[in-house]
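Keep the view open while reading.

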Amino acid sequence: MISKIKEEIERAKTIALISHKSPDGDSLGSVAGLGQALMEMGKEVTLFVNDKIPEKYEFLAEKNPYVLYKKGMGKNMDLLFVLDCGQASRLDYSEEILNEAKTVINMDHHMKNPNFGHINWVDTDISSTCELVLELINKLKLPLNYAGTTALYTGIVTDTGSFMYDNTAPKTLRAAAELLELGVDKDRIYREAFQSRNIKEVKLLGEVVKDLTPLFDGRVALSSLSQEKLKAYDLDIQAMDELIDFTRDIAGVEISVVLKEMENGGTKIGFRSKNAYRVDSLARSLGGGGHEKAAGATVKMNLAETEAMLIKALEELLQ
Ligand SMILES: [Mn+2]
């Protein structure tokens with residue numbers, strides 16, 4: 001596997017990297033972390049994104065030249081890395097890029113990744129794709145610069161919930177320690193990614209939490225965000241991603257669910273599980289995916305229909 005990836009990197013002149021829509025710290029971090037190493041090697045590298053970069057990750061764009069993918073881009077490149085992408089459809093409109101590259105390498109840590117690349121390195125036990133990328137960089141002795149280490153640390157610290165979730169293994173902390181030794185400014189990353197909350201989001205969070213009625217004897221916290229509500233606070237669909245962690249952390253809650261109404265009328269569903277249940281199978285049954293304790297899906301139903309459907313599904317899961 002590693003030697004095959006090495007061969008492909010050596011052979012390639014032009015390399016593109018891309019990840020899923022609704023980018024998070026791990027997707028943006030892995031694209032930039034590996035991309036920076038490849039740039040240091042003198043490759044012609046394009047760091048694609050297929051969505052708006054959330055405000056709290058804008059600091060990553062200071063040193064990483066992300067390019068918003070547009071249809072038809074990425075033709076004739078030698079090699080494409082698809083990172084942190086549990087299924088090809090999560091590339092959304094940029095999925096066509098899979099047909100453009102001569103070779104596609106899929107590196108990921110989501111459950112049931114269908115191995116859509118020519119080469120697939122999927123490790124569901126690892127904390128983050130950034131940790132996997134660091135393993136690749138170390139094994140191939142690729143060069144790492146400051147922008148790269150910063151990006152990789154960002155992905156590890158965000159995907160582990162600041163080293164709190166059970167995907168944090170001894171080797172995760174060793175990877176983080178290695179990055180710190182290389183000079184990463186962890187305080188800045190922490191401030192940007194965790195301590196730069198938009199006041200409008202905090203106010204809407206307050207409103208939503210005030211209305212929250214836990215279901216199933218308090219074991220499920222379900223919150224819904226309508227377009228109307230998001231618009232009233234001048235927020236978009238990417239906002240409020242901390243809500244689901246906040247409500248999961250209520251005593252007695254085992255599963256938190258957040259529904260967000262999309263502009264086209266569909267609904268984006270996020271699931272978090274604290275301990276006793278796994279939510280990836282439920283997400284997959286709705287056409288989504290994820291990890292045992294953090295998963296999601298997008299459905300074509302409206303908010304009320306989605307809520308009704310989920311209450312039935314959760315009742316079964318909780319039995
Ligand atoms: Mn990830």
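**Helices, sheet and loops**

Q: In this predicted model, at roughly what angle do the axes of helix 4 and helix 5 (residues 170-181) cross?
A: The two axes come within 10 Å. Their crossing angle is roughly 150°.

Q: Is helix 4 roughly parallel or roughly antiparallel to helix 5?
A: Angles over 145 degrees count as roughly antiparallel. The axes of helix 4 and helix 5 cross at roughly 150°. Therefore helix 4 is, relative to helix 5, roughly antiparallel.

Q: Is the crossing of helix 4 and helix 5 left-handed or right-handed?
A: The contact brings Thr-149, Leu-152, Tyr-153 and Ile-156 of helix 4 to Thr-172, Ala-175, Ala-176 and Leu-179 of helix 5. The crossing of helix 4 and helix 5 is left-handed.

Q: How many nonpolar residues are in the contact of helix 4 with helix 5?
A: The contact holds two polar residues and no charged ones. Its nonpolar residues number six.

Q: Is helix 4 oblique or roughly parallel to helix 6?
A: The axes of helix 4 (residues 146-159) and helix 6 (residues 186-194) come within 10 Å. They cross at roughly 55°. Angles under 35 degrees would count as roughly parallel. So helix 4 is, relative to helix 6, oblique.

Q: How many charged residues are in the contact of helix 4 with helix 6?
A: By class, this contact has four nonpolar and three polar residues. The number of charged residues is one.

Q: Which strands are the edge strands of the open sheet of six strands?
A: The strand order is 3-2-1-4-5-6, with parallel pairing. Neighbouring strands are turned by 25° against each other on average, direction ignored. An edge strand pairs on one side only. That describes strand 3 and strand 6 (119-122).

Q: Which residue of strand 2 is the bridge partner of Ile-15?
A: Strand 1 and strand 2 (residues 44-49) pair in the parallel sense, over four bridges. The partner of Ile-15 is Val-45.

Q: Which residue in strand 3 stands opposite Val-49?
A: Strand 2 and strand 3 run parallel and are joined by three bridges. Opposite Val-49 stands Leu-68.

Q: How many residues of strand 1 are buried?
A: Strand 1 covers residues 14-18, five residues. It is largely enclosed by the rest of the structure, because the buried residues number four.

Q: At about what angle does helix 3 run to strand 5?
A: Helix 3 (residues 129-139) lies across strand 4, strand 5 (103-108) and strand 6. To strand 5, helix 3 runs at about 120°.

Q: Is Asn-76 buried or exposed?
A: Asn-76 sits in the loop between strand 3 (66-68) and strand 4 (79-83). It has 8 C-beta neighbours inside 10 Å. A residue with 12 or fewer falls in the exposed class. So Asn-76 counts as exposed.

Q: What is the value of phi near which Phe-163 lies?
A: Phe-163 is in the loop between helix 4 and helix 5. With 13 C-beta neighbours inside 10 Å, Phe-163 counts as partly exposed. Most residues other than glycine have a negative phi. Phe-163 has a positive phi, near 65°.

Technical notes. Residues are numbered from 1 along each chain as its sequence is written. This is a predicted model: local features need pLDDT of at least 70, side-chain atom pairs count only at pLDDT 80 or more; totals for chains, interfaces and linings use all residues. Axes are lines fitted to C-alpha atoms, for helices over the stretch in contact, and angles run from 0 to 180 degrees between N-to-C directions. Helices (H or I, at least four residues) and strands (E, at least two) are DSSP runs, numbered from the N terminus. Angles under 35 degrees count as roughly parallel, over 145 as roughly antiparallel, 65 to 115 as roughly perpendicular and the rest as oblique. Ala, Val, Leu, Ile, Met, Phe, Trp, Tyr, Cys and Pro count as nonpolar, Asp, Glu, Lys and Arg as charged, and the others, Gly among them, as polar. A residue is buried if 20 or more other C-beta atoms lie within 10 Å of its own, exposed if 12 or fewer, and partly exposed in between; C-beta atoms are placed from the backbone. Two strands pair if DSSP finds at least two bridges between them. A crossing is left-handed if the near helix is turned anticlockwise from the far one by less than a right angle, and right-handed if clockwise. Two residues are in contact if their C-beta atoms, placed from the backbone, lie within 7 Å.
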